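User: Can you walk me through this one? I'd like ring contacts first, then strands.
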Amino acid sequence: MQHFIAPELESLGNYPHIVGPRHLRLFGAGIHIGDCLHMACDPDRNVRLIAWPNASGPATIRIGNYCLISPGVKIQAADSVVIGDNCMLAAEASISDSDWHGLYNRLRPFGNATAAVTLGDNVWIGERAIVTKGVSIGNNSVVGAGAVVTSDVPQNVVVAGVPAKIVKHLIPKRRMLKREAMFTDAQHFEATAKELDRYVMGANSLFGWLRQLVAPNKKR
C-alpha cells in the first residue's frame with residue numbers, strides 16, 4: 001500500500017486499511033487522507049477519488065481521520081470536497097462539488113457550475129445517497145439511503161428523500177460512540193484487521209478458483 005497507493009496521494013495518514021486496493025481508482029493531485037482510514041473496494045464497485053485540475057489550480061479532496069469508505073463510493077472535486085473526522089460513506093454513495101457543465105454552455109466543463117462541499121465530523125452518508133455541489137452537512141448528521149442532498153443540512157439531524165428533508169432530530173447531549181473509539185490502540189486494530197482479512201479471504205485460493213470454473217455447483 002505504501003509503495004503503490006501513497007505515491008498517488010498528496011498525503012496519507014498512519015494505519016490505513018484498504019480491502020481490495022487494486023480496485024481503488026485515483027485521479028489527480030490534491031487528494032489528502034487522514035489517519036486510520038478503513039476502505040473497502042471490490043471488482044464490481046470500485047472506489048473512485050477524482051480531483052480534476054481547473055483554471056485556478058488543482059482541486060482538492062480532504063478526508064479526515066477514522067473515516068470509513070465503502071465499495072462503490074465516488075468523490076469528485078473540481079474545487080474542494082472536505083470530509084471531517086469519523087465520517088462513514090456507505091456503498092455507492094456519491095459526492096460531487098460540480099455540475100460539470102453549464103445549463104447553456106455544455107461544451108466547456110466547470111465554469112459557474114462548481115461550489116465546494118463540506119461534511120462535518122461524524123457524518124454518515126447512506127447507501128446510494130448523492131451529495132451535490134455547494135452542500136454543507138453539520139456534525140453527526142445522517143443522510144438516508146438513496147437521498148439527494150441539494151441544500152445545507154444542520155448538525156444532529158437525519159435527512160431523507162429527494163430532495164432530502166429533515167425527518168428526525170438527534171439528541172445532542174446523548175453519548176455517541178464514534179469510529180475513533182476503535183483506534184485507541186491503532187496498531188492492535190491494524191493487526192486484528194489483517195487477521196480478519198486472512199480469515200475471510202482464506203477460501204479464495206487458486207485451487208478454489210479452478211474448482212469453481214470446473215464444477216461451480218459442487219459443494220466443498
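Analyst: Ring terms first. Rings of Phe, Tyr and Trp (its six-membered ring) pair if their centres lie within 6.5 Å; planes under 30 degrees apart count as stacked, over 60 as edge-to-face and the rest as tilted. This is a predicted model: local features need pLDDT of at least 70, side-chain atom pairs count only at pLDDT 80 or more, and totals for chains, interfaces and linings use all residues. Residues are numbered from 1 along each chain as its sequence is written, and side-chain values use heavy atoms, without hydrogens and water.

User: How many aromatic pairs does a search of the whole structure find?
Analyst: Two. In one of them, the ring centres of phenylalanine 27 and tryptophan 52 are 4.8 Å apart. Their planes are at 50°, so this pair is tilted.

User: Where in the chain do those two sit?
Analyst: In distant parts, 25 residues apart. Phenylalanine 27 is in strand β3 (residues 24-27). Tryptophan 52 is in the loop between β6 (47-51) and β7 (53-54). Strands here are DSSP runs of E, at least two residues, numbered from the N terminus.

User: And how exposed is phenylalanine 27?
Analyst: Partly exposed, at 40% relative accessible area. Tryptophan 52 is also partly exposed, at 34%. Buried means under 20%, exposed over 50%, and partly exposed in between (1.4 Å probe, protein chains only).

User: Which sheet has β3 in it?
Analyst: An open one of six strands, ordered β3-β6-β11-β14-β17-β20, with parallel pairing. β3 and β20 (148-149) are at the edges. Each has a single partner strand, so one side of each lacks a neighbour in the sheet. Two strands pair if DSSP finds at least two bridges between them.

User: How many bridges join β3 to β6?
Analyst: Four, and the two run parallel. Arginine 25 is opposite arginine 48 in β6.

User: Switching topic. What order do the strands take in the sheet with β9?
Analyst: β1-β4-β9-β12-β15-β18, six strands in an open sheet with parallel pairing. The edges are β1 (11-12) and β18 (136-137).

User: Which β9 side chains are buried?
Analyst: Ile61 and Ile63, which point to one face.

User: What does β9 pair with?
Analyst: Strand β4 (residues 31-33), in the parallel sense over three bridges. Strand β12 (residues 80-83) also pairs with β9 in the parallel sense, over four bridges.

User: Which residues face each other there?
Analyst: Isoleucine 31 is opposite isoleucine 61 in β9. Histidine 32 has arginine 62 in β9 as its bridge partner. Arginine 62 also stands opposite valine 82 in β12.
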